[in-house]
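Please keep the sequence and the structure in view while reading.

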Amino acid sequence: MADDTPIDPSDPALHARIEETLDAIRPYMMADGGSVRLQHVTDDMVVELELLGACGTCPMSMMTLRAGIEQALRRAVPEITRVEAVAPAAVR
């Protein structure tokens with residue numbers, strides 16, 4: 001980024017860019033019975049995702065997360081520092 005303006009992890013435009021990228025990936029995950037849901041973006045720009053369906057129990061899910069999802073997100077949204085899988089959000 002050209003300036004030193006801090007990025008607000010709750011910025012709706014940032015979340016829209018992340019969701020747009022996830023929307024491009026979801027059909028491939030759904031073909032194998034899974035999906036992904038954005039849970040949170042931390043102050044240090046870590047994207048926390050919930051792996052859904054078959055992706056939640058797949059032994060290859062961490063490889064999919066690192067080699068597929070994280071790479072796509074970091075290309076599309078370079079402000080992201082890392083992507084992590086998290087437990088499902090509690091019902092509110």
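The model is predicted. Helix H1 (residues 12-31) and helix H2 (residues 61-76) have axes that come within 10 Å of each other. Glutamate 50 is part of strand E2 (residues 46-53), and methionine 45 belongs to the loop between strand E1 (34-41) and E2.

**The helix pair**

- The axes of H1 and H2 cross at roughly 150 degrees; angles over 145 degrees count as roughly antiparallel, and the two helices are therefore described in that way.
- The crossing of H1 with H2 is right-handed.
- On the H1 side, the contact is formed by Arg17, Ile18, Thr21, Leu22, Ile25 and Met29, which meet Ile69, Ala72, Leu73 and Ala76 of H2.
- By residue class, this contact of H1 with H2 comprises eight nonpolar residues, one polar residue and one charged residue.

**Glutamate 50**

- Glutamate 50 counts as buried because its relative accessibility is 7%, and the cut-off for buried is under 20%.
- The side chain of glutamate 50 is joined to that of glutamine 39 by a polar contact of 2.5 Å.
- Leaving aside residues up to four places away in sequence, glutamate 50 touches Ser35, Val36, Arg37, Gln39, Val86, Pro88 and Ala89.

**Methionine 45**

- Most residues other than glycine have a negative phi.
- Methionine 45, by contrast, has a positive phi, near 65 degrees.
- With a relative accessible area of 7%, methionine 45 is buried.

Notes
Residues are numbered from 1 along each chain as its sequence is written. This is a predicted model: local features need pLDDT of at least 70, side-chain atom pairs count only at pLDDT 80 or more; totals for chains, interfaces and linings use all residues. Side-chain values use heavy atoms; hydrogens and water are left out. Axes are lines fitted to C-alpha atoms, for helices over the stretch in contact, and angles run from 0 to 180 degrees between N-to-C directions. Helices (H or I, at least four residues) and strands (E, at least two) are DSSP runs, numbered from the N terminus. Angles under 35 degrees count as roughly parallel, over 145 as roughly antiparallel, 65 to 115 as roughly perpendicular and the rest as oblique. A crossing is left-handed if the near helix is turned anticlockwise from the far one by less than a right angle, and right-handed if clockwise. Contact means heavy atoms within 4.5 Å. Ala, Val, Leu, Ile, Met, Phe, Trp, Tyr, Cys and Pro count as nonpolar, Asp, Glu, Lys and Arg as charged, and the others, Gly among them, as polar. Buried means under 20% relative accessible area, exposed over 50%, partly exposed in between (1.4 Å probe, protein chains only). A polar contact is a pair of N or O atoms within 3.5 Å; within protein, one must be able to donate a hydrogen and the other to accept it, and residues adjacent in sequence count only if both atoms are side-chain atoms.
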